[in-house]
Number of protein chains: 2
Amino acid sequence: MMSDVRIWLDRLSSLHKSQMRKAACAAGMQLVHLEILQYLSMCNRYSNTAQALGEYLGQTKGSLSQSLAFMEEAGYIERKPDPVDRRYARLFLTKEGKALLKRIDSGKILAPDFPEDDAAVEMIQRLLSDWQSHNGLKSFGQCKSCRFNKTVDGGRSQCMLTGEALSKSDVRKICREHEFSSTASAPLS
Amino acid sequence: MMSDVRIWLDRLSSLHKSQMRKAACAAGMQLVHLEILQYLSMCNRYSNTAQALGEYLGQTKGSLSQSLAFMEEAGYIERKPDPVDRRYARLFLTKEGKALLKRIDSGKILAPDFPEDDAAVEMIQRLLSDWQSHNGLKSFGQCKSCRFNKTVDGGRSQCMLTGEALSKSDVRKICREHEFSSTASAPLS
DNA sequence: TCAATATAGTTTAGATACGATACTATAAAA
DNA sequence: TTTTATAGTATCGTATCTAAACTATATTGA
């Protein structure tokens, strides 16, 4: 017998997918394109590559390569080779891409104003954490729950993986290298 | 700024989609086909039509018509014209369809054993209810939260919309006609 | 009673996502 | 310096998805 949680997760997911698709369609684009815009608006500077995007969306890089080409063509994103490791193509939203995303978001097509309910966020994070670790997937979390994050004097943050200092907005972004700290959001048994 | 809940719902949804796709692929079928099997295993006898399925999955009937034809061909479902209203084609899982679904579910490919966490279920239901009513979508809930459901003597259930008596297993299924009662799971403000 | 309308589903065509495979280019390792 | 690993591209076949036109059945209402 399928668990009740599963039933509602399925439903939530179906709903989310179809609403996203409608929103994308209304903006003259495809579902994946909207998902890409969303991801790029949320990810930090370590995570803006095609590879990370593929891991996040659960798609192969070949598939994404096409979508990215389309979006660059359409002027919503830019691809810039990484100056240090030239295998990487860093992805950036253009002004047009940001504007489009804002237009969609502000239209409240996707979802109503969900209340900033800490309990809901924590609940979803627990489910996610459990699920992801069960399947050996990356967690794509924010710094505050990451074991590499240290808060130094005065509440300023630093990533102990890269050594870089993190701004207030950096800390809110999602990261490909994120790993839950053992205390915060431990997986459900 | 996108709300935190939205970020995690997006992630949950991406993850769910890609995991479902993998599970479907491993079973030699497509994502939609698995979703159809799941739906048919959960829906009650008022909800086993292509139309309801389309509303649940957020797809057009034309698209589903093809998928259903494929699945009937493959022997996983049956389509029987409704004896009363012959416009309807009632959908049923065949023995093979049920077996396939059981094989996938028991493989724990889709998700680990989520704990039967009442708080999580309630949380997700609240989000869902809010979202659905905001977008004028059907809720596809179970009888226990439905305003048409009356429990008569000895805990037996009856649907006041159709007048029919409902068995214990009926009550756990999801229904196209479901509407939240005003008390249970009221939408968030 | 019979035309108009609504509803359930099918069919078809075009766009495109997706996976698989083979490929290039760059970087790291041995 | 050869080998191996990694990031991304190119190409092809399959199948989904939407939209629009269509058939069939049921309901409405003049």
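Q: How many aromatic pairs are there over all chains?

A: The count comes to 6 aromatic pairs over all chains. Rings of Phe, Tyr and Trp (its six-membered ring) pair if their centres lie within 6.5 Å; planes under 30 degrees apart are stacked, over 60 edge-to-face, and the rest tilted. This is a predicted model, where local features need pLDDT of at least 70, side-chain atom pairs count only at pLDDT 80 or more, and totals for chains, interfaces and linings use all residues. Side-chain values use heavy atoms, with hydrogens and water left out, residues are numbered from 1 along each chain as its sequence is written, and chains are lettered from A and ligands numbered from 1 in the order in which they are written.

Q: How is a pair of aromatic rings described?

A: By the distance of the centres and the angle of the planes. Take Tyr39(A) and Tyr56(A): their centres are 4.9 Å apart and their planes at 45 degrees, so this pair is tilted. Tyr39(A) sits in helix α2 (residues 31-42) of chain A and Tyr56(A) in helix α3 (residues 50-57) of chain A, so the pair ties together parts 17 residues apart in sequence. Helices here are DSSP runs (H or I, at least four residues), and strands are runs of E, at least two, numbered from the N terminus.

Q: Are Tyr39(A) and Tyr56(A) buried or exposed?

A: Both Tyr39(A) and Tyr56(A) are buried. Buried means under 20% relative accessible area, exposed over 50%, partly exposed in between (1.4 Å probe, protein chains only).

Q: Which residues do ring pairs link into a cluster?

A: Tyr39(A), Tyr56(A) and Phe140(A).
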